[in-house]
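Work through these exercises with the structure open beside you. Each task is followed by a solution in short steps.

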Amino acid sequence: MSFNFLPTSPGEMQKKNWNELDIILVTGDAYVDHPAFGTAVIGRVLESKGYKVGIISMPDWTNPESVKILGKPKLFFGVTSGNVESMISKYTAFKKPRSDDPYAPGGKSGHRPNRALIVYCNLIKQAFNDVPIVIGGLEASMRRVAHYDYWSNKVRRNILADTRADILVYGMGEMQIATIAERLKNQEPLTAIPGTVVFSKDLNSLKNTYLDLPSEQQVIESKETFLEFYRKFFRHQQKTLVQKSGTRYLVHNSPPAITTNELDNIYDLPFQRKPHPSYEKPVPAFDMIKNSITAHRGCVSGCSFCSLSLHQGKRIISRSESSVLKEVSKISQAGYFKGHITDIGGPSANMYGFQCKINWQCPRESCTFPNLCKNLMLDNNGWLTLLEKVKNQKGISKVTVGSGIRFDLFFKSQNAKANFKKLVKSFISGQLKIAPEHTNPNVLTAMRKTPLIELEQFIQNFNDTTNRMGKKQYPLPYLMSNHPGSTMHDMVEMKNKIFKLFHTIPEQVQSFIPLPMTLSSVIYYTGTDPLTNKKYYVERDINKKRKQHNVFFMKNEHPKESKKHIRKAVPRRKK
């Protein structure tokens with residue numbers, strides 16, 4: 001009987017009768033062979049192209065021998081810190097070490113180093129200095145150019161230079177990695193590959209078909225230049241971008257476009273849909289998603305604090321119904337499955353099936369901010385139909401929306417009232433997640449998240465619909481503290497408003513973390529929105545940030561009581 005996981009040890013290579021590998025993937029996560037885990041996806045894509053691929057998961061970052069376990073690959077090492085940026089994985093918004101890591105067996109932290117991508121690449125350089133290195137994943141993607149780094153409180157250079165890798169893949173990476181493997185196999189240069197970043201000694205080959213960005217050194221030294229750089233980068237990502245970095249030039253190639261058929265093919269690869277059998281303890285991240293399905297990629301919202309649009313793009317690419325139903329059939333046959341599909345969606349579940357009248361060629365910075373783009377085609381009919389078809393599949397007793405919805409877009413779509421009744425009646429498991437994030441207009445503007453309908457209107461619709469059906473279901477809001485623009489006074493007002501609307505104080509309050517390369521991180525660092533030049537109040541003091549965050553967790557009978565505790569600390573907004 002053949003071994004169906006990608007090999008992680010010499011013994012597993014022998015089971016496949018392999019003496020050496022073409023490609024070795026190194027990841028800071030546990031190896032879970034499931035399409036929600038990036039390393040597994042890249043490994044299966046390369047395998048489908050005929051390459052022999054092995055995986056080194058969670059290497060001992062203190063020992064170069066840990067990256068030698070599978071020998072020397074013929075083509076390259078592919079390196080990622082994992083599904084989550086390593087500094088986010090290790091530290092809280094208040095820069096305290098986290099005690100858990102859902103991508104590790106048993107969920108305990110400690111196996112992943114700071115700046116894991118750099119550390120892993122340095123290990124490989126020590127062990128095999130002559131083997132090409134390809135870096136990818138979220139950490140590479142969101143540090144692919146000069147960026148503000150919250151942990152060191154300064155602008156850092158691109159991570160390609162720090163890792164000394166040969167090429168950086170940004171975005172999801174399946175198309176890029178296949179091209180890179182073919183180029184290296186044929187001993188061809190790694191230039192002009194969409195969705196990649198490389199260094200070049202000169203720009204002669206580009207023939208002036210690029211946009212020149214301010215030099216990396218200028219960006220690091222000057223906040224004003226950093227704002228200029230980010231403005232150009234954000235608005236011209238579809239072009240070839242060039243930035244002088246030391247004595248070389250960083251060449252940022254435009255992103256690739258994936259089709260529905262190509263996405264379907266990826267999800268049809270032979271994933272084992274479970275963690276590698278060598279792990280004695282469960283991997284919490286797998287338990288969270290094992291019964292859920294990713295139905296699309298991309299996000300039209302473009303929220304300033306989110307890395308998604310910079311990583312996956314705003315273009316919505318949806319899988320076909322047949323592809324999703326095929327995955328449902330695979331899940332239903334798993335021994336752990338009890339009949340409940342816990343999610344069918346993506347970043348916001350109801351973006352499935354969204355299209356653009358001009359094929360996503362719109363020059364707007366956001367499809368939803370400051371208002372709804374006339375070219376965006378909102379249609380939840382296909383998504384609700386898909387949910388109903390999944391519910392009627394053999395072995396399925398229940399289908400719910402676990403990832404939540406963009407509630408204002410839902411009510412701007414076709415047949416909104418009828419579709420909302422269907423959603424409430426059949427596809428909510430007690431709670432429906434929504435993400436208003438904040439209630440203050442100034443903060444929402446900084447977030448680029450001005451709601452298209454009022455939160456009060458949605459809550460009224462939800463309560464009316466639920467009550468008419470005789471159900472006990474509740475909207476669950478996700479909120480954010482400390483985002484640029486937010487003051488203590490704003491947090492108190494938000495707490496009072498949320499209590500008034502929801503009649504309870506939710507615990508889902510996240511303290512803002514300036515994720516690398518996001519618009520919010522630029523505002524946090526400079527106090528200025530580079531796209532509008534608007535100035536924002538920014539709380540940077542850790543203790544004051546904690547106080548602002550704790551407004552929602554003060555123990556008092558009514559949220560108005562919190563005013564008594566913080567009145568002296570409230571900086572009121574200047575009119």
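**Exercise 1. The second largest pocket**

Task: Find which helices each supply at least two residues of the lining of the second largest pocket, then describe that lining.

Solution. Begin with the helices. They are helix 7 (174–185), helix 9 (223–235) and helix 12 (308–311). Keep in mind that the model is predicted. Next, take the volume: the second largest pocket holds about 960 Å³ of space. Now go to the lining, which has 38 residues. Nearest the centre of the pocket lie Gln238, Pro255, Ser309, Gly313 and Lys314. Last, sort the lining by type. It divides into 15 nonpolar, 14 polar and nine charged residues.

**Exercise 2. Two helix pairs**

Task: State how helix 2 is placed against helix 7: at what angle do they pack, and how far apart are their axes?

Solution. Locate helix 2 at residues 38–48. Its axis is 10 Å from that of helix 7, and the two pack at an angle of about 45°. Angles under 35 degrees would count as roughly parallel, and 65 to 115 as roughly perpendicular. The angle of about 45° therefore makes helix 2 oblique to helix 7. Finish with the hand: this crossing is right-handed.

Solution. Helix 16 covers residues 416–426, and helix 18 covers residues 455–468. Their axes cross at roughly 60° and come within 10 Å. That makes helix 16 oblique to helix 18. The hand of the crossing is right-handed.

**Exercise 3. Backbone exceptions**

Task: Lysine 95 and tryptophan 360 call for a look at phi. Is lysine 95 buried, exposed or partly exposed, and where does tryptophan 360 lie?

Solution. Start from the general rule. Most residues other than glycine have a negative phi, and most peptide bonds are trans. Lysine 95 has a positive phi of about 65°. It sits in the loop between helix 3 (86–90) and helix 4 (116–127). Its relative accessibility is 34%, so lysine 95 counts as partly exposed.

Turn to tryptophan 360. Its phi is positive too, near 60°. The residue is in the loop between strand 19 and strand 20. With a relative accessible area of 12%, tryptophan 360 is buried. The cut-off for buried is under 20%.

Task: Which two residues does the cis peptide bond join?

Solution. The bond links phenylalanine 369 and proline 370, with omega about 5°. Now place the proline. Proline 370 belongs to the loop between strand 19 (355–356) and strand 20 (376–377).

**Exercise 4. Inside the protein**

Task: How many cavities of 30 Å³ or more are there, and which residues line the largest cavity?

Solution. The count is three cavities of 30 Å³ or more. The largest cavity has a volume of about 60 Å³. Its lining includes Glu85, Met87, Arg115, Ile118, Glu139 and Arg143. Also in the lining are His147, Arg156, Arg157, Asn158, Ile159 and Asp162. By type, the lining divides into three nonpolar, two polar and seven charged residues.

Task: Is serine 86 buried or exposed, and how far is it from leucine 138 in space?

Solution. Serine 86 is part of helix 3. Its relative accessibility is 0%, so serine 86 counts as buried. Then check the distance. Serine 86 and leucine 138 are 52 residues apart in sequence, and 9.2 Å apart in space from C-alpha to C-alpha.

Definitions and conventions. Residues numbered from 1 in each chain as written. Predicted model: local features only at pLDDT ≥ 70, side-chain atom pairs only at ≥ 80, totals over all residues. Heavy atoms only, no water. Helix = DSSP H or I, 4+ residues; strand = E, 2+ residues; numbered from the N terminus. Buried < 20%, exposed > 50% of the residue type's maximum accessible area, 1.4 Å probe, protein only. 1 Å grid on protein atoms, 1.4 Å probe; cavity = no way out; pocket = protein on both sides within 12 Å on 5 of 7 lines; lining within 4 Å. Points joined across faces, edges and corners; volume = space filled by probe spheres on them. Nonpolar A, V, L, I, M, F, W, Y, C, P; charged D, E, K, R; others polar. Axes fitted to C-alpha atoms, helices over the stretch in contact; angles between N-to-C directions. Parallel < 35°, antiparallel > 145°, perpendicular 65-115°, else oblique. Left-handed = near helix turned anticlockwise from the far one by under 90°.
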